[in-house]
Amino acid sequence: RRRPAGWGQLAVFRCARGRVPPLSSREAAADEKLALGTGFMEYRCQELVGGMAAGLVQDALLHPLDVLRARLDTGVSSATARSAANPATALWCEAQSVAAVDGMRGLYRGYTLCLAASAPANALYFGSFKASQRALGDTSVPAAGRDFIAGLSAECVASLLWTPLDVLKQRMQVGPTDLGTLGATRDACRVGVVGLWRGYFAGLAVWGPFSASYFAMYEGLRRAMGSGDGATEASARQSIPAGLGAGAAAALLTQPLDCAKTRIQVGAVPRNLGLLSVMRRVYVQEGAESLWRGGAARTLWLTPGCAITITVFEAVERLLR
């Protein structure tokens, strides 16, 4: 990665040209530390801005699929969607049902909340991933393991913002059409403000493995396509297919967990039930197909979403570098 030269580096260069005396070892060490600190802060700023842009673009394009996923996961979908033979048919039936009752407005439930909260959450997510990569860069951890750990770390940090967003957004997506942000907040906080973080650990059980496997697969695919590990440049021709492939695989692997997590966060199950208990309950009462009913919506939401966010993130970061 590129790093701006400090004054100490400039002085050493001039010494080689016979212009000025070199810095002492103590001065050079202090100057090198300053240069690393300056470069790190600048890099983080670019990552935060890139993450914000990535989140805004993804939500603008794919929010309707997120609405359909939440409705299919929680069982509030139409009767035709619940009786559909496969996830793709269920997705189509629910889209028709929502559009017929509420129009396009129904497919963008909770979108205004995303505009306010998704940008900082995505900034924290991508910034934490890159910071974790740097922290592990000088260790003996293999590249795939480093990307896996960095993805998991990014999710643990960003979920502090994402969990309240998910709790409120999903309540608006599956609730009455006139349920606004204040109404969703009141419902979530009936047990206190801690209600906004309901499902935090369940969310980590879903999105932690998702982010870890996604970034490990994404970076691996990039390396296989010729953008080496730690490369500063990644073209859209590399980012898009790598993001698509990694996003699709990670989305499918974690769908049953996401079904249970969504029911926990919207209050569709008793508070004392954990993630595995909810999955068992859905399996026993509704059958295995209910755990996978939102799979098509989730895959169609996350697969292009992952490709879009990582491509926008890297393009903005490269532009600001």
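What follows is a chat about the helices of this predicted model.

Student: What's the secondary structure of the protein chain, helices or strands?
Tutor: The protein chain has 14 helices and 0 strands. Along the sequence the pattern reads α-α-α-α-α-α-α-α-α-α-α-α-α-α. Bear in mind that the model is predicted.

Student: How much of the protein chain is buried?
Tutor: Buried residues account for 49% of the 321 residues.

Student: And the contacts: what share join residues at least 24 apart?
Tutor: The share is 77%, taken among contacts between residues at least 6 apart in sequence.

Student: Let's take a helix pair. At what angle do H4 and H14 pack?
Tutor: The angle is about 80°. Helix H4 covers residues 87-102 and helix H14 covers residues 295-320. Their axes lie 7 Å apart.

Student: What does that make them, parallel or perpendicular?
Tutor: Roughly perpendicular. The range for that label is 65 to 115 degrees, so an angle of about 80° falls under it.

Student: Which residues make the contact?
Tutor: H4 supplies Pro87, Ala88 and Leu91. H14 supplies Gly295, Ala296, Ala297 and Leu300.

Student: How do those divide into nonpolar, polar and charged?
Tutor: There are 6 nonpolar residues, 1 polar and no charged.

Student: Zoom in on Ala296. Buried or exposed?
Tutor: Ala296, in helix H14, counts as buried at 16% relative accessibility. The cut-off for buried is under 20%.

Student: What does Ala296 touch?
Tutor: Pro87, Ala88 and Leu91, leaving aside neighbours within four places in sequence.

Student: How far is Ala296 from Leu65?
Tutor: Their C-alpha atoms are separated by 9.4 Å. Along the chain the two are 231 residues apart.

Student: Back out to H14. How many of its residues are buried?
Tutor: 19 of the 26, so H14 is largely enclosed by the rest of the structure.

Student: What span should H14 have, and what does the model give?
Tutor: At 1.5 Å a residue, H14 should span 38 Å. Its end C-alpha atoms are 37 Å apart, which agrees.

Student: Now H7. What does that helix span?
Tutor: Helix H7, residues 143-174, spans only 40 Å between its end C-alpha atoms. A straight helix of 32 residues would span 46 Å.

Student: Where does H7 bend?
Tutor: At Ser159, by about 55°.

Student: What about H9, where's its kink?
Tutor: At Trp207, with an angle of about 30°. The kink lies shortly before the proline Pro209.

Student: And the span of H9?
Tutor: H9 runs over residues 200-224, and its 25 residues should span 36 Å. The end C-alpha atoms are 35 Å apart, which agrees.

Student: Which residue has a positive phi just after H9?
Tutor: Gly226, at about 105°.

Student: Pro209 again: how far is it from Leu253?
Tutor: 9.0 Å, C-alpha to C-alpha. In sequence they are 44 residues apart.

Student: Is Leu253 buried or exposed?
Tutor: Leu253 counts as exposed, at 61% relative accessibility. It lies in helix H10, residues 236-253.

Student: Switching to Val57. Which helix holds it?
Tutor: Val57 is in helix H2, residues 25-74. Its relative accessible area is 32%, which is partly exposed.

Student: What does Val57 touch?
Tutor: Ile308 and Val312, not counting residues up to four places away in sequence. Both numbers fall within H14, residues 295-320.

Student: Last one. Where is Gly75?
Tutor: In the loop between H2 and helix H3. Gly75 counts as partly exposed at 26% relative accessibility.

Student: Which residues does Gly75 touch?
Tutor: Arg82 and Arg263, with residues up to four places away in sequence not counted. Gly75 and Arg293 sit 9.1 Å apart in space, C-alpha to C-alpha. In sequence that pair is 218 residues apart.

Methods
Residues numbered from 1 in each chain as written. Predicted model: local features only at pLDDT ≥ 70, side-chain atom pairs only at ≥ 80, totals over all residues. Heavy atoms only, no water. Axes fitted to C-alpha atoms, helices over the stretch in contact; angles between N-to-C directions. Helix = DSSP H or I, 4+ residues; strand = E, 2+ residues; numbered from the N terminus. Parallel < 35°, antiparallel > 145°, perpendicular 65-115°, else oblique. Contact = heavy atoms within 4.5 Å. Nonpolar A, V, L, I, M, F, W, Y, C, P; charged D, E, K, R; others polar. Expected span 1.5 Å × (residues − 1). Bend = angle between axes of the 7 residues up to and from the residue. Buried < 20%, exposed > 50% of the residue type's maximum accessible area, 1.4 Å probe, protein only.
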